[in-house]
Amino acid sequence: MLGVLKKPLSKMIAGSPWVYRMNTGSCNGCDVELATVALCPRYDTSRFGVKLSGSPKHADIVVITGPMTIRCKDAAYRIFSQIPEPKVVMTVGNCPISGNVFQDSYAIDPPISKHFPVDVSVAGCPPSPWAILDGFVKCIEIWEKRVAEQLD
Amino acid sequence: MLMQVLEKLFNLFVFPGFLFMAIIGLYFVGIHRKIVARIQRRIGPPIDQPFKDFAKLMIKEDVTPEGAAKGLFSVAPYITIIGVVIGMMFIPVGMAQAPLDTAGAFLILLYLITAAAVGVMVAGSASSSPYAAVGVSREMALVIAYDLSLIIVFLTVAIKAATIEAVAGNGATDLLNYSINSIVAAQATRPFILDWTMIPAFLAFLMIIPANLGLPPFDVVEAETEIVEGPMIEFSGSRLALLQLGSAMKAFFVCSVIVVFFFPGGITAASGVLGTITNIIWHIFKAWLVYFFAGTLVSASLGRRRIDQAVNFYLTVPLVLSIISLGLVLAKIG
(Lines give C-alpha, C1' and ligand atoms only; values in the text may rest on other atoms or scores of the structure.)
Protein backbone atom coordinates (compact mmCIF):
# COMPACT_ATOMS: atom_id res chain seq x y z
CA MET A 1 0.00 0.00 0.00
CA LEU A 2 2.62 2.51 1.11
CA GLY A 3 4.95 1.26 -1.59
CA VAL A 4 2.56 2.39 -4.31
CA LEU A 5 1.93 5.72 -2.64
CA LYS A 6 5.58 6.43 -1.89
CA LYS A 7 6.56 7.88 -5.24
CA PRO A 8 3.64 10.31 -5.73
CA LEU A 9 3.81 11.24 -2.04
CA SER A 10 7.51 12.06 -2.09
CA LYS A 11 7.02 14.00 -5.33
CA MET A 12 4.21 15.96 -3.69
CA ILE A 13 6.25 16.66 -0.56
CA ALA A 14 9.26 17.67 -2.64
CA GLY A 15 7.15 20.56 -3.92
CA SER A 16 7.29 22.27 -0.56
CA PRO A 17 10.87 23.19 0.37
CA TRP A 18 10.99 26.06 2.86
CA VAL A 19 14.21 28.01 2.92
CA TYR A 20 16.01 29.38 5.94
CA ARG A 21 18.97 31.73 5.49
CA MET A 22 21.90 31.61 7.86
CA ASN A 23 24.64 34.22 7.71
CA THR A 24 27.86 32.97 9.25
CA GLY A 25 29.87 36.15 8.87
CA SER A 26 29.29 36.93 5.22
CA CYS A 27 30.30 40.31 3.81
CA ASN A 28 26.64 40.69 2.65
CA GLY A 29 27.57 40.45 -1.04
CA CYS A 30 26.11 36.95 -1.30
CA ASP A 31 23.17 37.93 0.91
CA VAL A 32 22.29 40.73 -1.47
CA GLU A 33 22.42 38.35 -4.43
CA LEU A 34 20.49 35.70 -2.54
CA ALA A 35 17.78 37.52 -0.67
CA THR A 36 17.15 40.54 -2.81
CA VAL A 37 17.84 39.14 -6.29
CA ALA A 38 17.44 35.35 -6.43
CA LEU A 39 14.48 35.21 -4.04
CA CYS A 40 12.75 38.33 -5.39
CA PRO A 41 9.47 38.30 -7.37
CA ARG A 42 11.39 38.67 -10.66
CA TYR A 43 12.69 35.09 -10.45
CA ASP A 44 9.83 33.98 -8.18
CA THR A 45 11.09 30.87 -6.43
CA SER A 46 7.61 30.38 -4.96
CA ARG A 47 6.70 28.58 -8.18
CA PHE A 48 8.85 25.69 -6.87
CA GLY A 49 6.99 25.97 -3.58
CA VAL A 50 9.90 27.77 -1.92
CA LYS A 51 8.88 29.91 1.01
CA LEU A 52 11.31 32.00 3.04
CA SER A 53 10.85 31.12 6.68
CA GLY A 54 12.08 33.24 9.54
CA SER A 55 12.24 30.46 12.10
CA PRO A 56 14.80 27.62 11.80
CA LYS A 57 12.09 25.27 13.05
CA HIS A 58 10.14 25.65 9.82
CA ALA A 59 13.13 25.11 7.53
CA ASP A 60 13.84 22.36 5.01
CA ILE A 61 16.67 23.89 3.00
CA VAL A 62 19.34 25.78 4.95
CA VAL A 63 21.22 28.34 2.90
CA ILE A 64 24.54 29.30 4.47
CA THR A 65 26.61 32.32 3.44
CA GLY A 66 29.93 33.43 4.91
CA PRO A 67 33.16 31.74 5.97
CA MET A 68 32.03 30.80 9.53
CA THR A 69 33.68 33.34 11.75
CA ILE A 70 34.79 32.13 15.18
CA ARG A 71 32.37 34.52 16.86
CA CYS A 72 29.23 33.04 15.27
CA LYS A 73 30.28 29.39 15.38
CA ASP A 74 28.37 28.55 18.58
CA ALA A 75 25.24 30.32 17.38
CA ALA A 76 25.45 28.58 14.01
CA TYR A 77 25.71 25.17 15.67
CA ARG A 78 22.79 25.95 17.95
CA ILE A 79 20.58 27.14 15.09
CA PHE A 80 21.56 24.19 12.91
CA SER A 81 20.59 21.71 15.62
CA GLN A 82 17.13 23.31 15.85
CA ILE A 83 16.31 22.55 12.23
CA PRO A 84 14.12 19.45 12.11
CA GLU A 85 15.10 16.43 9.99
CA PRO A 86 15.10 15.80 7.04
CA LYS A 87 17.02 18.85 5.80
CA VAL A 88 19.25 19.91 2.92
CA VAL A 89 22.22 22.23 3.28
CA MET A 90 23.30 24.64 0.55
CA THR A 91 26.16 27.13 0.66
CA VAL A 92 26.31 30.29 -1.43
CA GLY A 93 29.58 31.98 -2.42
CA ASN A 94 33.26 31.15 -2.28
CA CYS A 95 33.71 31.90 1.42
CA PRO A 96 31.90 28.76 2.69
CA ILE A 97 34.02 26.65 0.32
CA SER A 98 37.49 28.00 1.05
CA GLY A 99 37.39 31.24 2.99
CA ASN A 100 38.02 33.15 -0.24
CA VAL A 101 39.91 36.43 0.36
CA PHE A 102 39.82 35.85 4.11
CA GLN A 103 41.80 32.61 3.84
CA ASP A 104 44.31 31.95 6.64
CA SER A 105 42.70 34.58 8.84
CA TYR A 106 42.75 33.80 12.56
CA ALA A 107 39.12 34.89 12.87
CA ILE A 108 37.48 32.37 10.57
CA ASP A 109 37.12 28.61 10.44
CA PRO A 110 36.26 27.48 6.87
CA PRO A 111 35.15 25.35 5.11
CA ILE A 112 31.52 24.95 6.17
CA SER A 113 31.64 21.28 5.13
CA LYS A 114 33.90 20.74 8.15
CA HIS A 115 30.99 21.75 10.41
CA PHE A 116 27.79 20.76 8.63
CA PRO A 117 26.96 18.13 5.96
CA VAL A 118 26.85 20.34 2.85
CA ASP A 119 24.82 19.03 -0.10
CA VAL A 120 25.08 21.81 -2.68
CA SER A 121 27.76 24.49 -3.03
CA VAL A 122 27.21 27.47 -5.30
CA ALA A 123 30.55 29.07 -6.12
CA GLY A 124 31.15 32.69 -7.09
CA CYS A 125 32.04 35.95 -5.43
CA PRO A 126 29.16 36.66 -5.42
CA PRO A 127 27.45 33.96 -7.54
CA SER A 128 24.94 35.11 -10.12
CA PRO A 129 21.23 34.79 -9.30
CA TRP A 130 20.87 32.14 -12.02
CA ALA A 131 23.56 30.05 -10.36
CA ILE A 132 21.74 30.38 -7.04
CA LEU A 133 18.42 29.38 -8.65
CA ASP A 134 20.19 26.38 -10.21
CA GLY A 135 21.45 25.54 -6.72
CA PHE A 136 17.88 25.64 -5.42
CA VAL A 137 16.71 23.27 -8.15
CA LYS A 138 19.54 20.84 -7.29
CA CYS A 139 18.63 21.15 -3.60
CA ILE A 140 15.03 20.26 -4.38
CA GLU A 141 16.19 17.10 -6.20
CA ILE A 142 18.21 16.07 -3.15
CA TRP A 143 15.32 17.03 -0.89
CA GLU A 144 13.05 14.67 -2.84
CA LYS A 145 15.48 11.80 -2.22
CA ARG A 146 15.68 12.62 1.49
CA VAL A 147 11.91 12.64 1.69
CA ALA A 148 11.71 9.24 -0.03
CA GLU A 149 14.24 7.89 2.50
CA GLN A 150 12.16 9.35 5.33
CA LEU A 151 9.03 7.63 4.00
CA ASP A 152 10.72 4.20 4.05
CA MET B 1 -30.79 5.92 17.55
CA LEU B 2 -27.65 4.32 16.13
CA MET B 3 -28.37 5.85 12.75
CA GLN B 4 -28.66 9.29 14.32
CA VAL B 5 -25.35 8.89 16.13
CA LEU B 6 -23.68 7.69 12.92
CA GLU B 7 -25.18 10.60 11.01
CA LYS B 8 -23.86 13.11 13.53
CA LEU B 9 -20.43 11.46 13.45
CA PHE B 10 -20.48 11.66 9.65
CA ASN B 11 -21.41 15.33 9.94
CA LEU B 12 -18.58 15.93 12.38
CA PHE B 13 -15.79 14.13 10.55
CA VAL B 14 -16.72 14.20 6.85
CA PHE B 15 -19.41 16.64 5.82
CA PRO B 16 -19.67 19.51 6.59
CA GLY B 17 -17.12 18.85 9.30
CA PHE B 18 -13.45 18.06 9.35
CA LEU B 19 -12.63 16.51 5.95
CA PHE B 20 -14.81 18.80 3.85
CA MET B 21 -13.59 21.92 5.67
CA ALA B 22 -9.97 20.84 5.44
CA ILE B 23 -10.08 20.30 1.67
CA ILE B 24 -12.06 23.46 0.91
CA GLY B 25 -10.04 25.55 3.37
CA LEU B 26 -6.69 24.45 1.96
CA TYR B 27 -7.90 25.14 -1.59
CA PHE B 28 -9.09 28.58 -0.46
CA VAL B 29 -5.58 29.35 0.80
CA GLY B 30 -3.99 27.92 -2.37
CA ILE B 31 -6.19 29.98 -4.68
CA HIS B 32 -5.55 33.02 -2.50
CA ARG B 33 -1.79 32.62 -2.82
CA LYS B 34 -2.01 32.10 -6.58
CA ILE B 35 -4.18 35.19 -7.13
CA VAL B 36 -1.95 37.33 -4.90
CA ALA B 37 1.04 36.15 -6.93
CA ARG B 38 -0.66 36.97 -10.24
CA ILE B 39 -1.65 40.43 -8.98
CA GLN B 40 1.99 41.00 -8.02
CA ARG B 41 3.09 39.75 -11.47
CA ARG B 42 4.64 36.55 -10.21
CA ILE B 43 3.92 33.04 -11.39
CA GLY B 44 3.12 31.93 -7.89
CA PRO B 45 2.85 28.52 -6.26
CA PRO B 46 0.43 25.91 -7.67
CA ILE B 47 -3.01 26.02 -6.07
CA ASP B 48 -2.44 22.68 -4.31
CA GLN B 49 0.59 24.15 -2.54
CA PRO B 50 -1.06 24.10 0.93
CA PHE B 51 -1.63 20.34 0.52
CA LYS B 52 2.07 19.88 -0.27
CA ASP B 53 3.03 21.98 2.74
CA PHE B 54 0.69 19.97 4.94
CA ALA B 55 2.05 16.61 3.72
CA LYS B 56 5.61 17.87 4.11
CA LEU B 57 5.09 19.08 7.66
CA MET B 58 3.45 15.79 8.65
CA ILE B 59 6.65 13.84 7.94
CA LYS B 60 9.04 16.39 9.46
CA GLU B 61 10.63 15.91 12.84
CA ASP B 62 8.64 17.39 15.72
CA VAL B 63 10.75 19.58 18.00
CA THR B 64 9.52 20.59 21.45
CA PRO B 65 11.56 23.52 22.75
CA GLU B 66 13.06 23.52 26.20
CA GLY B 67 10.94 25.49 28.64
CA ALA B 68 7.71 24.99 26.72
CA ALA B 69 4.59 23.97 28.62
CA LYS B 70 4.58 20.45 27.16
CA GLY B 71 0.93 19.58 27.68
CA LEU B 72 -0.45 22.82 26.30
CA PHE B 73 2.13 22.83 23.52
CA SER B 74 0.77 19.57 22.14
CA VAL B 75 -2.91 20.32 22.79
CA ALA B 76 -2.97 23.87 21.43
CA PRO B 77 -3.00 23.02 17.69
CA TYR B 78 -6.27 21.11 18.13
CA ILE B 79 -8.18 23.96 19.80
CA THR B 80 -8.70 25.98 16.62
CA ILE B 81 -9.64 22.90 14.59
CA ILE B 82 -12.16 21.67 17.17
CA GLY B 83 -13.63 25.16 17.52
CA VAL B 84 -14.23 25.69 13.82
CA VAL B 85 -15.48 22.14 13.17
CA ILE B 86 -18.10 22.50 15.91
CA GLY B 87 -18.96 25.95 14.58
CA MET B 88 -19.51 24.51 11.11
CA MET B 89 -22.14 22.15 12.56
CA PHE B 90 -24.44 25.16 12.98
CA ILE B 91 -24.16 26.24 9.35
CA PRO B 92 -26.47 24.83 6.70
CA VAL B 93 -24.11 24.18 3.79
CA GLY B 94 -26.36 23.71 0.77
CA MET B 95 -28.99 22.02 2.93
CA ALA B 96 -32.24 23.21 4.45
CA GLN B 97 -31.18 22.27 7.98
CA ALA B 98 -27.87 22.58 9.76
CA PRO B 99 -26.69 19.36 11.48
CA LEU B 100 -26.93 21.07 14.86
CA ASP B 101 -29.17 23.93 15.76
CA THR B 102 -30.51 25.37 18.93
CA ALA B 103 -32.04 28.52 20.29
CA GLY B 104 -29.42 31.24 20.58
CA ALA B 105 -27.06 29.45 18.20
CA PHE B 106 -25.71 32.76 16.91
CA LEU B 107 -24.23 33.39 20.36
CA ILE B 108 -22.47 29.99 20.19
CA LEU B 109 -21.05 30.94 16.78
CA LEU B 110 -19.75 34.20 18.21
CA TYR B 111 -18.07 32.27 21.01
CA LEU B 112 -16.54 29.70 18.62
CA ILE B 113 -15.05 32.37 16.33
CA THR B 114 -13.25 33.75 19.38
CA ALA B 115 -12.29 30.23 20.50
CA ALA B 116 -10.43 29.80 17.21
CA ALA B 117 -8.34 32.86 18.04
CA VAL B 118 -7.79 31.53 21.57
CA GLY B 119 -6.19 28.43 20.02
CA VAL B 120 -3.48 30.62 18.49
CA MET B 121 -3.03 32.47 21.78
CA VAL B 122 -2.61 29.23 23.76
CA ALA B 123 -0.17 27.91 21.15
CA GLY B 124 1.94 31.05 21.37
CA SER B 125 1.95 31.35 25.13
CA ALA B 126 2.83 27.67 25.60
CA SER B 127 5.96 27.91 23.49
CA SER B 128 8.09 30.15 25.76
CA SER B 129 9.48 32.39 23.05
CA PRO B 130 9.59 36.19 23.27
CA TYR B 131 8.48 36.47 19.64
CA ALA B 132 5.51 34.24 20.37
CA ALA B 133 4.70 36.34 23.45
CA VAL B 134 4.65 39.50 21.32
CA GLY B 135 2.43 37.73 18.79
CA VAL B 136 0.04 36.60 21.51
CA SER B 137 -0.26 40.06 23.02
CA ARG B 138 -0.99 41.46 19.55
CA GLU B 139 -3.60 38.78 18.90
CA MET B 140 -5.30 39.63 22.20
CA ALA B 141 -5.33 43.34 21.42
CA LEU B 142 -6.78 42.65 17.95
CA VAL B 143 -9.45 40.29 19.26
CA ILE B 144 -10.54 42.84 21.84
CA ALA B 145 -10.60 45.52 19.14
CA TYR B 146 -12.70 43.66 16.58
CA ASP B 147 -14.85 41.57 18.90
CA LEU B 148 -16.99 44.54 19.89
CA SER B 149 -18.04 45.18 16.28
CA LEU B 150 -18.45 41.44 15.72
CA ILE B 151 -20.89 41.18 18.65
CA ILE B 152 -22.87 44.18 17.37
CA VAL B 153 -23.03 42.69 13.85
CA PHE B 154 -24.30 39.37 15.22
CA LEU B 155 -26.90 41.16 17.35
CA THR B 156 -27.99 43.26 14.38
CA VAL B 157 -28.53 40.18 12.25
CA ALA B 158 -30.53 38.42 14.98
CA ILE B 159 -32.68 41.48 15.72
CA LYS B 160 -33.35 41.99 12.03
CA ALA B 161 -34.42 38.36 11.67
CA ALA B 162 -36.63 38.68 14.75
CA THR B 163 -38.24 41.82 13.36
CA ILE B 164 -39.03 40.18 10.03
CA GLU B 165 -40.49 37.11 11.72
CA ALA B 166 -42.56 39.31 14.03
CA VAL B 167 -44.02 41.21 11.05
CA ALA B 168 -44.76 37.91 9.33
CA GLY B 169 -46.38 36.85 12.58
CA ASN B 170 -44.68 33.52 13.06
CA GLY B 171 -42.03 31.93 15.19
CA ALA B 172 -40.20 33.21 18.19
CA THR B 173 -39.68 36.93 18.45
CA ASP B 174 -37.54 36.68 21.55
CA LEU B 175 -33.97 37.42 20.56
CA LEU B 176 -32.32 34.68 22.57
CA ASN B 177 -34.54 32.07 20.94
CA TYR B 178 -32.97 32.81 17.61
CA SER B 179 -31.31 29.89 15.85
CA ILE B 180 -29.31 29.93 12.62
CA ASN B 181 -32.15 28.17 10.81
CA SER B 182 -34.58 30.94 11.71
CA ILE B 183 -32.06 33.55 10.57
CA VAL B 184 -31.89 31.72 7.24
CA ALA B 185 -35.69 31.43 7.14
CA ALA B 186 -36.06 35.17 7.69
CA GLN B 187 -34.09 35.75 4.48
CA ALA B 188 -36.24 33.43 2.36
CA THR B 189 -37.85 36.26 0.42
CA ARG B 190 -35.08 38.84 0.56
CA PRO B 191 -31.47 38.26 1.69
CA PHE B 192 -30.18 40.80 4.20
CA ILE B 193 -27.52 42.01 1.78
CA LEU B 194 -30.25 43.55 -0.40
CA ASP B 195 -31.52 45.51 2.58
CA TRP B 196 -29.76 48.87 2.76
CA THR B 197 -29.94 49.04 6.54
CA MET B 198 -27.83 45.89 6.75
CA ILE B 199 -25.10 47.07 4.36
CA PRO B 200 -23.04 48.84 7.09
CA ALA B 201 -23.07 45.69 9.22
CA PHE B 202 -22.03 43.63 6.20
CA LEU B 203 -19.12 45.98 5.47
CA ALA B 204 -18.09 45.89 9.14
CA PHE B 205 -18.02 42.08 9.03
CA LEU B 206 -15.96 42.14 5.82
CA MET B 207 -13.47 44.52 7.46
CA ILE B 208 -13.04 42.12 10.37
CA ILE B 209 -11.93 39.31 8.02
CA PRO B 210 -8.27 40.36 7.50
CA ALA B 211 -7.62 40.59 11.25
CA ASN B 212 -9.55 37.44 12.02
CA LEU B 213 -7.72 35.37 9.41
CA GLY B 214 -4.29 36.98 9.82
CA LEU B 215 -4.09 38.50 6.34
CA PRO B 216 -2.46 41.79 5.33
CA PRO B 217 -2.96 44.66 6.10
CA PHE B 218 -3.69 43.35 9.61
CA ASP B 219 -1.37 40.34 9.75
CA VAL B 220 0.36 41.93 12.73
CA VAL B 221 0.06 38.71 14.70
CA GLU B 222 2.15 36.62 12.31
CA ALA B 223 4.26 39.42 10.82
CA GLU B 224 7.04 37.31 9.25
CA THR B 225 9.48 40.16 8.83
CA GLU B 226 9.34 41.47 12.38
CA ILE B 227 8.26 38.73 14.79
CA VAL B 228 8.84 35.69 12.50
CA GLU B 229 5.36 34.12 12.42
CA GLY B 230 4.69 35.12 16.03
CA PRO B 231 2.83 32.36 17.89
CA MET B 232 3.89 29.77 15.28
CA ILE B 233 7.64 30.33 15.70
CA GLU B 234 8.45 27.37 17.95
CA PHE B 235 6.17 24.89 16.22
CA SER B 236 7.48 22.38 13.74
CA GLY B 237 6.38 19.16 12.09
CA SER B 238 2.86 17.87 12.54
CA ARG B 239 1.85 20.49 15.11
CA LEU B 240 2.69 23.32 12.71
CA ALA B 241 0.75 21.43 10.02
CA LEU B 242 -2.29 21.29 12.31
CA LEU B 243 -2.00 25.00 13.16
CA GLN B 244 -1.91 25.89 9.47
CA LEU B 245 -4.78 23.52 8.72
CA GLY B 246 -6.74 25.16 11.52
CA SER B 247 -6.25 28.63 10.10
CA ALA B 248 -7.22 27.41 6.60
CA MET B 249 -10.39 25.80 7.97
CA LYS B 250 -11.16 28.96 9.90
CA ALA B 251 -11.05 30.93 6.63
CA PHE B 252 -13.82 28.78 5.17
CA PHE B 253 -15.78 28.83 8.43
CA VAL B 254 -15.79 32.61 8.87
CA CYS B 255 -16.70 33.17 5.22
CA SER B 256 -19.53 30.64 5.60
CA VAL B 257 -20.85 32.56 8.60
CA ILE B 258 -21.00 35.72 6.47
CA VAL B 259 -22.77 33.83 3.70
CA VAL B 260 -25.38 32.46 6.11
CA PHE B 261 -25.93 35.83 7.79
CA PHE B 262 -26.24 37.95 4.68
CA PHE B 263 -27.00 35.89 1.56
CA PRO B 264 -27.93 32.29 2.33
CA GLY B 265 -30.03 30.01 0.19
CA GLY B 266 -29.35 27.67 -2.66
CA ILE B 267 -29.31 28.28 -6.38
CA THR B 268 -31.82 25.53 -7.17
CA ALA B 269 -34.90 24.39 -5.32
CA ALA B 270 -34.43 20.86 -6.71
CA SER B 271 -34.13 18.20 -4.07
CA GLY B 272 -32.17 14.99 -4.41
CA VAL B 273 -28.45 14.39 -4.70
CA LEU B 274 -27.84 16.60 -7.73
CA GLY B 275 -29.69 19.57 -6.30
CA THR B 276 -27.88 19.26 -2.97
CA ILE B 277 -24.47 19.08 -4.65
CA THR B 278 -25.29 22.14 -6.76
CA ASN B 279 -26.32 24.03 -3.64
CA ILE B 280 -23.15 22.98 -1.81
CA ILE B 281 -21.00 24.20 -4.68
CA TRP B 282 -23.00 27.43 -4.75
CA HIS B 283 -22.38 27.91 -1.02
CA ILE B 284 -18.63 27.29 -1.49
CA PHE B 285 -18.57 29.78 -4.35
CA LYS B 286 -20.30 32.46 -2.27
CA ALA B 287 -17.91 31.85 0.63
CA TRP B 288 -15.00 32.11 -1.79
CA LEU B 289 -16.36 35.39 -3.16
CA VAL B 290 -16.36 36.80 0.37
CA TYR B 291 -12.79 35.57 0.87
CA PHE B 292 -11.76 37.01 -2.49
CA PHE B 293 -13.10 40.52 -1.91
CA ALA B 294 -12.34 40.86 1.80
CA GLY B 295 -9.16 38.80 1.93
CA THR B 296 -7.35 38.27 -1.34
CA LEU B 297 -7.84 41.64 -3.05
CA VAL B 298 -7.18 43.59 0.14
CA SER B 299 -4.07 41.66 1.13
CA ALA B 300 -2.60 41.78 -2.38
CA SER B 301 -2.85 45.54 -2.56
CA LEU B 302 -2.07 46.80 0.95
CA GLY B 303 1.00 46.66 3.17
CA ARG B 304 1.07 45.72 6.82
CA ARG B 305 -0.17 48.25 9.39
CA ARG B 306 1.26 48.58 12.88
CA ILE B 307 -0.65 47.04 15.78
CA ASP B 308 -1.74 50.45 17.12
CA GLN B 309 -3.04 51.44 13.68
CA ALA B 310 -4.94 48.16 13.46
CA VAL B 311 -6.55 48.62 16.88
CA ASN B 312 -7.40 52.24 16.08
CA PHE B 313 -8.99 51.16 12.81
CA TYR B 314 -11.12 48.46 14.42
CA LEU B 315 -12.29 50.73 17.22
CA THR B 316 -13.45 53.36 14.73
CA VAL B 317 -14.58 52.29 11.24
CA PRO B 318 -16.16 48.83 11.73
CA LEU B 319 -17.52 49.80 15.14
CA VAL B 320 -19.24 52.93 13.79
CA LEU B 321 -20.60 51.02 10.78
CA SER B 322 -22.02 48.23 12.92
CA ILE B 323 -23.57 50.70 15.38
CA ILE B 324 -25.23 52.56 12.47
CA SER B 325 -26.73 49.29 11.29
CA LEU B 326 -27.86 48.34 14.78
CA GLY B 327 -29.52 51.74 15.21
CA LEU B 328 -31.32 51.49 11.89
CA VAL B 329 -32.54 47.98 12.64
CA LEU B 330 -33.66 48.89 16.17
CA ALA B 331 -35.54 51.90 14.79
CA LYS B 332 -37.23 49.50 12.33
CA ILE B 333 -36.25 51.64 9.35
CA GLY B 334 -36.18 50.02 5.93
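In chain B, what share of the contacts between residues at least 6 apart in sequence joins residues at least 24 apart? The figure is 79%, with a contact meaning that two C-beta atoms, placed from the backbone, lie within 7 Å.

This is a predicted model, where local features need pLDDT of at least 70, side-chain atom pairs count only at pLDDT 80 or more, and totals for chains, interfaces and linings use all residues. Residues are numbered from 1 along each chain as its sequence is written, while chains are lettered from A and ligands numbered from 1 in the order in which they are written.

Chain B has 13 helices and 0 strands; these are DSSP runs numbered from the N terminus (helices H or I, at least four residues; strands E, at least two). Buried residues, those with 20 or more other C-beta atoms within 10 Å of their own, make up 50% of the 334 residues. Helix α1(B) is hardly covered, with 0 buried among its 12 residues.

| Helix | Residues |
|---|---|
| α4(B) | 70-88 |
| α5(B) | 105-126 |

They pack at about 165°, with axes 8 Å apart; axes are lines fitted to C-alpha atoms over the stretch in contact, and angles run from 0 to 180 degrees between N-to-C directions. The two are therefore roughly antiparallel, a label for angles over 145 degrees. The crossing is left-handed, with the near helix turned anticlockwise from the far one by less than a right angle. Residues that meet here include Leu72(B) and Phe73(B) from α4(B), and Leu109(B) and Leu112(B) from α5(B).

Conventions: Angles under 35 degrees count as roughly parallel, over 145 as roughly antiparallel, 65 to 115 as roughly perpendicular and the rest as oblique.
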